[in-house]
Amino acid sequence: MILSLIILYVLTLIYLAIADRFRNHTTILALQGLLLFGIAIARLHEFHPVEMSFIIAETLIFKAIVIPAILMRVIRLTKINRIHSSSSQFGALVMSIVALVASCTITYYMADQRTDMIFFGVALYALLSGLILIVMRKRIFAHLIGFLVIENGVFLFSMAIGVELPMLINLAIMLDILISILILGMFLRRMDDEIHTDETDALTSIKD
């Protein structure tokens with residue numbers, strides 16, 4: 001069960017590298033939220049109301065519903081649709097595959113009995129995938145997607161070191177939510193400033 005969810009999550013990261021529409025990116029982020037919810041639930045050995053509430057708030061509500069809804073609204077307001085070019089898509093795909101191989105290699109040589117190395121490897125791949133989106137894309141929205149992918153990787157890192165999500169890990173999850181909100185606020189504020197500027201090429205500057 002967990003392995004299947006992890007494989008699907010890896011496939012979503014690969015798809016992000018080749019997706020050419022921001023609506024698809026947003027849909028993938030929502031799917032990742034659902035997958036993270038399933039993974040976290042499957043990792044729990046016992047039902048704990050506190051841990052369950054943290055999981056639901058972080059994944060099902062925040063990552064799978066709230067963030068995608070906000071991003072879809074931004075897409076409608078700014079009318080952004082596609083990334084820049086197919087060449088950048090191909091380069092991002094190649095870099096994504098390289099990142100996957102690098103993540104597997106690093107995980108293999110860093111084997112530690114105290115850490116779930118499968119989760120560690122996928123988390124590292126998510127981190128690198130987010131960095132690739134930030135570096136290889138020019139649009140602000142793509143950078144926002146990249147940062148959110150990195151935040152998902154942070155959640156997976158917590159899965160790698162805490163099987164039953166003790167309170168320390170729950171606090172880390174809440175910090176993850178706070179950082180995500182700050183990132184969203186920063187980017188949305190920048191987009192809003194660009195939209196309301198008097199320059200005639202405001203929307204172009206947002207997309208570029």
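Contact here means heavy atoms within 4.5 Å. This is a predicted model, in which local features need pLDDT of at least 70 and side-chain atom pairs count only at pLDDT 80 or more, while totals for chains, interfaces and linings use all residues. Residues are numbered from 1 along each chain as its sequence is written, and side-chain values use heavy atoms, with hydrogens and water left out.

## Overall picture

The protein chain has 8 helices and 0 strands. Read from the N terminus, its elements run α-α-α-α-α-α-α-α. Helices (H or I, at least four residues) and strands (E, at least two) are DSSP runs, numbered from the N terminus. Of the 208 residues in the chain, 47% are buried. Buried means under 20% relative accessible area, exposed over 50%, and partly exposed in between (1.4 Å probe, protein chains only). Take the contacts between residues at least 6 apart in sequence: 75% of them join residues at least 24 apart.

## Confidence

pLDDT is the predictor's confidence in each residue, from 0 to 100. The chain averages 78, and 75% of the residues score at least 70. Where pLDDT is low, the predicted coordinates should not be read in detail.

## Helix α1

Helix α1 covers residues 2-18. Its 17 residues reach 25 Å from first C-alpha to last, close to the 24 Å expected at 1.5 Å a residue. The expected span is 1.5 Å times one less than the number of residues. The buried residues of α1 are Leu-5, Ile-6, Tyr-9, Val-10, Thr-12, Leu-13, Ile-14, Leu-16 and Ala-17.

Three of these, Tyr-9, Leu-13 and Leu-16, meet Val-149, Asn-152, Gly-153 and Leu-156 in α6. The crossing of α1 and α6 is left-handed. A crossing is left-handed if the near helix is turned anticlockwise from the far one by less than a right angle, and right-handed if clockwise.

## Helix packing

Axes are lines fitted to C-alpha atoms, for helices over the stretch in contact, and angles run from 0 to 180 degrees between N-to-C directions.

| Pair | Axis separation | Angle |
|---|---|---|
| α1 and α6 (residues 140-161) | within 13 Å | roughly 160° |
| α2 (residues 22-43) and α6 | within 11 Å | roughly 5° |
| α2 and α3 (residues 49-78) | 9 Å | about 175° |

That makes α2 roughly antiparallel to α3. α1 and α6 are also roughly antiparallel to each other, whereas α2 and α6 are roughly parallel. The cut-offs are under 35 degrees for roughly parallel, over 145 for roughly antiparallel and 65 to 115 for roughly perpendicular, with the rest oblique.

Helix α2 has contacts with both α3 and α6. On the α3 side, the α2 residues include Phe-22, Arg-23, Ala-30, Gly-33 and Phe-37, and the α3 residues include Met-52, Ile-56, Lys-63, Pro-68 and Arg-76. Towards α6, the α2 residues include His-25, Leu-29, Gln-32 and Arg-43. Their α6 counterparts include Phe-141, Ile-145, Asn-152, Phe-155 and Met-159.

Ala-30 is found in α2. It is buried, with a relative accessible area of 16%. Leaving aside neighbours within four places in sequence, Ala-30 is in contact with Lys-63, Ala-64 and Pro-68. Ala-30 and Ile-67 are 37 residues apart in sequence, and their C-alpha atoms are 7.8 Å apart.

Asn-24 is also in α2. At 25% relative accessibility, Asn-24 counts as partly exposed. Beyond four places in sequence, Asn-24 is in contact with Tyr-15 and Ala-19. Asn-24 and Asn-81 lie 57 residues apart in sequence and 9.6 Å apart in space, C-alpha to C-alpha.

Helix α5 (residues 117-136) has 20 residues, which should span 28 Å at 1.5 Å a residue. Its end C-alpha atoms are 28 Å apart, which agrees. The helix is mostly covered, with 14 of its 20 residues buried.

Thr-105 sits in α4 (residues 86-109). It is partly exposed, at 37% relative accessible area.
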